Amino acid sequence: MQQFFTTLLAGLTLGAVYAAFALALCLIWRSTRVVNFAQAPMAMVTTYVALEVIDHTGSYWFGFAVALLAGLVLGAVVERGLVRFVEGKSDLNVVILTLGLFVVLHSLAAIVFGQDYKSFPAPFGLRGLHVAGHDIAITGFGIFTLIAVAVVFGLLVALFRFTDLGLKMRASAFSPEVARLLGVRVGKMLTLGWALAAVVGSLAGLLVAGGNLVFPQFMDSVVVYGFVAAVLGGLDSPAGSVVGGLVLGLALSFVSGYAASDLVPITALGILVLVLLVRPGGLFSHVAERRV
Amino acid sequence: MLAVEDLVTRYGAVTALDGISLEAPEGQVTAVLGANGAGKTTLLRTISGLVRPQQGRVLLDGTDLSRTPPEKMTSLGIAHVPEGRGVIAELSVAENLRLGGLHRRAGAEAVDVDRVFALFPVLKERRTATAHVLSGGERQMLVIGRALMAAPRILLLDEPSLGLAPRVVAQILALLRNLVESEGLTVLLVEQNAASALSIADRGVVLNLGSVVASGAAERLAADEKLRHAYLGF
């Protein structure tokens with residue numbers, strides 16, 4: 001029983017990180033129909049920014065805030081400065097562009113921040129909580145991870161569902177020309193979509209880094225699982241991203257807890273293949289079927 | 001008043017508009033007629049700024065709009081209603097309408113969505129439905145209703161009859177005529193369905209291969225047998 005709960009809680013926290021990453025992918029997909037392969041290195045860069053700020057000021061939360069802000073700026077700059085020039089061209093162009101950005105950001109980070117492993121602080125305890133004589137496998141930072149992802153998800157849902165800005169962003173994504181005719185400044189909305197996605201990506205970076213080591217490739221392991229989570233949930237649906245992330249986190253955690261940790265990558269691959277075979281649009285897809 | 005002067009629009013080597021001049025007098029319906037490829041849709045797209053003309057001017061009360069971005073049109077009081085497929089299919093009926101009212105004509109008061117529901121009661125019944133489940137006629141009502149949410153003075157309508165049953169076409173065009181009478185709207189109506197369009201229009205302009213070949217009072221065009229046979233197909 002103890003092991004079951006340990007595995008469950010570990011899976012949930014892991015899943016929350018994947019969910020955050022998948023949410024970022026989903027945001028960009030929704031606003032510009034682009035799969036952003038450079039999501040991970042963008043988050044890596046902002047995490048380094050956070051680390052620099054924390055080292056200089058000693059305040060974790062200041063670094064946290066600066067990293068999110070850096071994500072906002074980086075996302076906007078990437079969209080305005082790079083993606084904009086290939087938008088509307090062949091889909092492959094922008095895929096290659098983000099892949100290229102992946103490589104460039106890795107190299108730049110290695111040059112600017114160095115290849116060394118650096119330890120990243122965590123704002124909360126990294127040891128299991130001790131409640132009523134029982135050790136619980138969830139850490140303070142794990143709880144923070146879950147709450148942070150839940151809050152971000154809630155804010156995004158509120159933005160898209162209840163605000164005019166969210167409505168304009170959705171309209172711009174689904175039908176840019178009609179949105180323009182209705183007075184929406186579509187270019188701004190796309191930039192905003194990228195900026196918000198990069199903020200969520202930065203959060204994923206901070207959650208992965210907390211209490212761990214940071215190096216230029218530290219996000220790469222999350223990339224694969226984040227993509228699987230996004231595909232699992234259906235790239236179009238924020239709720240799907242979160243559920244996809246949590247399901248994947250739990251599945252992988254149970255596989256590594258009860259079977260062998262070597263089986264984790266192959267399980268992820270298996271889930272990915274299964275989803276693509278059975279529901280290619282993801283578990284939460286309905287929009288794709290609607291398109292005529 | 002909306003007018004275009006000597007408008008030339010090319011897509012690469014193809015000249016879609018070849019020196020078009022016309023006027024859409026205030027409070028009237030001006031029908032622009034012509035076959036496929038005559039340049040009707042390009043004319044509307046050039047007026048609303050989606051396509052840039054190589055030459056000529058688009059004048060709104062004497063101000064040149066030919067360099068104004070399409071996003072500005074609704075605030076100037078011009079609403080371009082694309083073909084019925086212009087609904088945003090992924091949004092609900094209510095969201096489509098709300099979107100239409102976000103960037104309304106400068107100085108205009110917000111249009112109550114109930115006004116649109118009064119014009120198109122079927123939209124009220126389906127307000128929470130996603131727009132992709134609407135029929136062709138309902139979609140056309142939705143795009144017109146959405147345009148009205150911006151409190152426009154000028155409506156640019158692109159083929160409202162496209163793919164609709166004759167009875168629905170008659171219903172939508174009659175409603176349009178009523179709006180013109182009751183609110184003083186100015187309508188520039190692009191249509192292939194010349195008979196229906198001329199039946200509600202005050203004036204007509206016939207395009208062929210990007211040029212104006214005839215214009216005048218709607219009844220006169222409808223009565224001109226040679227013109228009808230040559231260009232209008234009825």
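This note walks through a sheet, a helix pair and a chain contact in the structure above.

1. A word on the model before you start. It is predicted, so local features need pLDDT of at least 70 and side-chain atom pairs count only at pLDDT 80 or more, while totals for chains, interfaces and linings use all residues. Residues are numbered from 1 along each chain as its sequence is written, and chains are lettered from A and ligands numbered from 1 in the order in which they are written.

2. Let's begin with the sheet in chain B. Four strands form an open sheet in the order E2-E1-E4-E5, with antiparallel pairing. Strands (E, at least two residues) and helices (H or I, at least four) are DSSP runs, numbered from the N terminus, and two strands pair if DSSP finds at least two bridges between them. At the edges are E2 (14-24) and E5 (63-64) of chain B, each pairing on one side only.

3. Now look at E1 (residues 2-11) and E4 (residues 55-60) of chain B, which pair in the antiparallel sense over five bridges. Here B:Val4 faces B:Val58 of E4(B), and B:Val8 stands opposite B:Gln55 in E4(B).

4. What joins E4(B) to E5(B)? Two bridges do, and the strands run antiparallel. B:Leu59 stands opposite B:Asp64 in E5(B). The two strands form a hairpin with two residues between them, and B:Asp61 in the turn has a positive phi of about 50 degrees.

5. Helix H1 (residues 40-47) of chain B lies across E1, E2 and E4 of chain B, at about 70 degrees to E2(B). Axes are lines fitted to C-alpha atoms, for helices over the stretch in contact, and angles run from 0 to 180 degrees between N-to-C directions.

6. Over in chain A, helices H9 (residues 220-233) and H10 (residues 238-258) pack at an angle of about 125 degrees, with their axes 7 Å apart. That makes H9(A) oblique to H10(A); angles under 35 degrees count as roughly parallel, over 145 as roughly antiparallel, 65 to 115 as roughly perpendicular and the rest as oblique.

7. Finally, the two chains meet: 20 residues of chain B are in contact with 17 residues of chain A. Contact means that C-beta atoms, placed from the backbone, lie within 7 Å. On the chain B side, helices H2 (73-76) and H3 (93-102) of chain B each give two or more residues, and H3(B) gives the most, with five residues.
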